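Subject: Structure handover

Hello,

Here is the structure I said I would pass on. My notes on what was found in it follow below.

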Amino acid sequence: MAIADRFAGRGGLKGSARYEGARWFSLVTGALALDEALASVDCTVEDTVIRHSHALILGSIRHVVSGEPGPALILSSRRIRIVVNAFRFLVLGGAVKVQTFK
């Protein structure tokens, strides 16, 4: 959960300093993915919609990497919560299927 806290801004780290102390690997597009993530979805940006202080980034999936099943972290109401029944993403026949592990 330490990396989630860093990316949430706890501890005052900013920019590239948030990436330090974790293992990363490159995806098809060259984007970085966390080595121990449950799943990594590699996308190319198709469009960006900006509304006030937020941006919605729409992309096309290029590649999906499935990690080992395990608990997931969910950010809700500014709190990080652990979800025991986590999701795993699989690519089957060009479509993304969500599978639940108990």
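A salt bridge is counted here where a side-chain nitrogen of Lys or Arg lies within 4 Å of a carboxyl oxygen of Asp or Glu. By this rule the count comes to 2 salt bridges. Please keep in mind throughout that the model is predicted.

One of the salt bridges joins the side chains of Arg23 and Asp35, with 3.1 Å from N to O. Arg23 sits in the loop between α1 (2-7) and β1 (24-26), while Asp35 sits in the loop between β2 (32-34) and β3 (39-51), so this pair ties together parts that are 12 residues apart in sequence.

Arg23 also forms a salt bridge with Glu36, and here the closest N and O atoms are 2.9 Å apart. Glu36 lies in the loop between β2 and β3 and Arg23 in the loop between α1 and β1, so the pair links parts 13 residues apart in sequence. Taken together, Arg23, Asp35 and Glu36 form a network of salt bridges.

How exposed are these residues? Arg23 has a relative accessibility of 52% and therefore counts as exposed, the cut-off for exposed being over 50%. Glu36 is exposed as well. Asp35, with a relative accessible area of 39%, is partly exposed.

Next, the aromatic rings. Two rings pair if their centres lie within 6.5 Å, and by this rule there is 1 aromatic pair. The partners are Tyr19 and Trp24, whose ring centres are 5.1 Å apart and whose planes meet at 55°, so the pair is tilted. Planes have to be under 30 degrees apart to count as stacked and over 60 to count as edge-to-face. Tyr19 is partly exposed, at 35% relative accessibility. Trp24 is partly exposed too, at 26%.

As for the protein as a whole, it has 1 helix and 8 strands. From the N terminus on, the order of the elements is α-β-β-β-β-β-β-β-β. The protein has 102 residues, and buried residues make up 12% of them. The accessible surface comes to about 7700 Å², with 55% of it belonging to carbon and sulfur atoms. Of the contacts between residues at least 6 apart in sequence, 25% join residues at least 24 apart.

Regards

Methods
Residues numbered from 1 in each chain as written. Predicted model: local features only at pLDDT ≥ 70, side-chain atom pairs only at ≥ 80, totals over all residues. Heavy atoms only, no water. Phe/Tyr/Trp six-rings, centres within 6.5 Å; stacked < 30°, edge-to-face > 60°. Buried < 20%, exposed > 50% of the residue type's maximum accessible area, 1.4 Å probe, protein only. Helix = DSSP H or I, 4+ residues; strand = E, 2+ residues; numbered from the N terminus. Contact = heavy atoms within 4.5 Å. Areas by Shrake-Rupley, 256 points an atom, 1.4 Å probe, with all protein chains shown as cover.
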